[in-house]
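Dear colleague,

Please find the structure below for your records. A summary of the findings follows it.

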Amino acid sequence: MKRIMQLFGSLLVLLAVSACSDDIAEEVYQQEKQQAEKKTSTLTINIENAGEQEGLILAALAENPFNEQGISKEIGEEDFLINKTIEGNPTVFDDLMDFYKQTLYFNVYQKTGEAYTPVTHLGNQLQYEVVPGSVEKTIDLAASPQEVIRKTELTMSVAPEYNGKNLYLVKESTRSTFEQTLQAGGTPTEDLYLAMATAEEGTASITIDSPKNTDTYWIYLLQPEEGLPYLKRNTEIGYDTDEQVSLAFAKEVKKQIQVTAIYLMGEEGSQTEEAFAQKEIYLISKNNWDAVKNFVETTHGNPQPGTYVDCQTTNREGKATFELFCTEAQQDYIVYAPKWNTEYYDNYKEANVTITPESTVESVEIKYPYIPPTGDGEGGIDKTVTFTVSVTSLPKECILNPFSSFAYVLNDATKLQEAINSGLYGIEGLTSSNPTAVESIGSSVEIEAEINTGKRIAVFVVVVQYGYLPSYLVKEIDASGISGNTHKVELTADDLKSYF
């Protein structure tokens, strides 16, 4: 019985100890909870360099009111989480624990009517994450604004016909490579342009960071018209450039080259005009003209596709019209009218024409005599012409020899190689200035020669290359273009030919 009573006593002790422990734990927990509830967050803000300004308000917002350009959105009183009127220094916010661990954006505002104008800026705005305790901060109203990233927006108005076309912004440094890619029919790679936009409803826009240094930028509108790889506009953009730059792409219109080709019929002085009707007229780039000319004069055939820009057939009035784009710089062309007096392509007339971006219509008139075929089939008339032949420039490797640099007229240019091979002896139709030579640059000689106006003739002077090899300054001339009985021929370094 005594043992049972001891065990019962021990159990009572354990229960008493357990009850005491629970009371102690509850008391400790309540104390900690009370201590946590008593935490506060006090923020003291000193305003420096406010000067004599009055009616300033210090307010906290939940979001940064400034964009990356440093421009504030419109602020109303409803945007303020908390605010206080600044009355001396400092301004104290006693307890910010309601915003614990939040980031608040403190700025100073001047109230104007219902609007609040920021006195602070992105550089001196106070950005503060709320923590327990007492914290002191300073806002200096005299602080300089921090450097911000400025933006430039390029707005392009685009002709409605070009909706859906792509526009690219390109720096001057990559412009040449960009254009070469487009002209070759390629697609520009991302390293060649800064940004791209697509025209919609007659407009497109591209926004970029304004560069610190002023530079030239180009906008390209790709493939606006068939046969036109691009249109382009340029503008200078720098850090001080207006935030918006406007450019326009109107619908591009083709330029016209209107050609009129006329035969002059009858004797000189009483000629009538007749249309060069139902005949081929070619438009050839001036840069490619020498190659085309050499081809037709060598083969007597028509220019090959790819060597000319366009070919038209004249109407009954001898008229033909070429249409093409010219969007930058001037473009020089040759209007080539073959088969002037015969059915051969090496019997032709030509005219120069230039178009520019400002051109609308350029008129070209070709008027030359028609030489009727003769009974012997020569295709022209025989006449005596006095040629005045001079040399105005020489290649560096050539000289004139006062004893051998004679001038010659050959009445059939197709026999020139034969005449050279024969040593210029015994060739029918070859007339020489011998014994009078072309002694120096600028001096001239006269040769009286019989020619047929239905043929091409050759006029040339013998020169000596270093090494004593004979060479020739040669001009081939369409004899039908020689009016009257005198003709002047000037030979230059560009006329040099060698037949060995």
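Helices (H or I, at least four residues) and strands (E, at least two) are taken here as DSSP runs, numbered from the N terminus. This is a predicted model, in which local features need pLDDT of at least 70 and side-chain atom pairs count only at pLDDT 80 or more, while totals for chains, interfaces and linings use all residues. Residues are numbered from 1 along each chain as its sequence is written, and side-chain values use heavy atoms, with hydrogens and water left out.

Overall composition

The protein has 32 strands and four helices. Of its 500 residues, 40% count as buried (under 20% relative accessible area, with exposed over 50% and partly exposed in between; 1.4 Å probe, protein chains only). Where contacts (heavy atoms within 4.5 Å) have a separation of 6 or more, 70% are between residues 24 or more positions apart.

Two buried loop residues

His121 belongs to the loop between strand 6 (115-118) and strand 7 (126-129). His121 counts as buried because its relative accessible area is 15%. A polar atom of its side chain lies 2.9 Å from the backbone nitrogen of Gly123. Leaving aside residues up to four places away in sequence, His121 touches Phe66, Asn107, Ala143, Ser144 and Pro145.

Ala413 is in the loop between strand 26 (406-410) and helix 4. With a relative accessibility of 9%, Ala413 is therefore classed as buried. Residues up to four places away in sequence excluded, Ala413 touches Arg456, Ile457, Ala458 and Glu476.

The largest pocket

The largest pocket holds about 1500 Å³ of space. A pocket here is an open set of points on a 1 Å grid over the protein atoms alone, where a 1.4 Å probe fits, with protein on both sides within 12 Å along at least five of seven lines; lining residues have an atom within 4 Å of a point. Grid points are joined across faces, edges and corners, and the volume is the space filled by probe spheres set on the points.

The lining comprises 46 residues, of which Lys293, Glu297, Tyr348, Arg456 and Glu476 are the closest to the pocket centre. Among the elements that give two or more residues to this lining are helix 3 (286-299), strand 22 (348-355) and strand 30 (469-478). Helix 3 supplies the largest share, seven residues.

Yours sincerely

Terms used
A polar contact is a pair of N or O atoms within 3.5 Å; within protein, one must be able to donate a hydrogen and the other to accept it, and residues adjacent in sequence count only if both atoms are side-chain atoms.
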